[in-house]
Amino acid sequence: MMIKKTALVCVFILIITGLTGCDYKKLKKENETLKKENEALQKEKQILETDFNAIRENISNAKKEIETTKIERDDLKVSLKECDGAKNKAETARSEAEADKKRIEVDKDRVERECSEKITIQKCKSICKNVTDKVKTTDNLSNAEISQFMDDWIVHETDNSLSDSIVNLYADNVDYCELGSVSREVIKNHKNGYFKHWPIRQYTIRQNETTITSGDKPSEKTVKVTYDSVIKKNNTDKEGEIKVIRLFKLIKQDGKILIIKEKDITR
């Protein structure tokens, strides 16, 4: 009985041992496979951890960017408000500029007119000054001109054909002899009456006795003329010579010499 039991145990052991050897190989193989899978999983884990860290870093960066964007958005809102304010100010400035432009246009027209008037006035003043300077220069009355003028006066006084033109030697109004201030027409009538009464007249100036005195202006001179006078009604009259002294006040205007005063001061 013991032998049978021993045999059964041996058989059982052999069966167990055989089965165990087969499983061991199988398990060993599976273990190898698991190791490889584990290594692969470890690698994937490392990759996933790396990716996770990268993702986490990206998320952190994204959060920072979002915060920055929020700040920028807030700044933008402020800038937009400032832009609106600036826009309103610009509109106001533009309106004011338009108003200023219109005022400037009005002022420009006014200034141009005033400048034109001033330029015209300045030109007139310049022309007047030039004319005045020219007149001052041309109206200076020299002694030589006075001597020539008095010779012309003698010719007109003694030539009956020039009796009408003698008034051209006188100004419009003259302090004339005993008549006082009179016009050219009065002088003309007075001269013609005298010439008709004494148709023959001869005057000879005494040059050495002529005196010239300066007046208040370079264009005015006072001349005292002494001349010998022979007057007759006709050629049969006896000649009689008398000394005559006349005082003339002369003025030169626009280059022409005129008598403004004539007095007989013979004594």
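Helices (H or I, at least four residues) and strands (E, at least two) are DSSP runs, numbered from the N terminus. With that in hand, I looked up the order of elements and found the pattern α-α-β-β-α-β-β-β-β-β along the sequence. I noted three helices and seven strands in the protein.

**Ground rules.** I am reading a predicted model, where local features need pLDDT of at least 70, side-chain atom pairs count only at pLDDT 80 or more, and totals for chains, interfaces and linings use all residues. Residues are numbered from 1 along each chain as its sequence is written, and side-chain values use heavy atoms, with hydrogens and water left out.

**Whole chain.** I checked burial, where buried means under 20% relative accessible area, exposed over 50% and partly exposed in between (1.4 Å probe, protein chains only). Buried residues are 18% of the 267 residues.

**Glu-262.** Is Glu-262 buried or exposed? I found Glu-262 buried, at a relative accessible area of 0%. Glu-262 sits in strand E7, residues 256–264. I then listed its contacts (heavy atoms within 4.5 Å). Beyond neighbours within four places in sequence, Glu-262 touches residues including Trp-153, Tyr-170, Lys-191, Arg-246 and Phe-248. I also found a polar contact of 2.4 Å between the side chains of Glu-262 and Tyr-170. Such a contact is a pair of N or O atoms within 3.5 Å; within protein, one must be able to donate a hydrogen and the other to accept it, and residues adjacent in sequence count only if both atoms are side-chain atoms.

**Core.** A nonpolar core is a set of buried Ala, Val, Leu, Ile, Met, Phe, Trp, Tyr and Cys residues joined through side-chain atoms within 4.5 Å. The largest one has 29 residues, and Trp-153 and Tyr-170 are among those touching the most other members. Helix H2 (143–158) and strand E6 (241–253) are among the elements that each supply at least two residues. H2 gives the most, with five. I looked at Trp-153 again: its contacts, leaving aside neighbours within four places in sequence, include Tyr-227, Ile-259 and Glu-262.

I sorted the lining of the largest pocket by class: nine nonpolar, three polar and six charged residues. Ala, Val, Leu, Ile, Met, Phe, Trp, Tyr, Cys and Pro count as nonpolar, Asp, Glu, Lys and Arg as charged, and the others, Gly among them, as polar.
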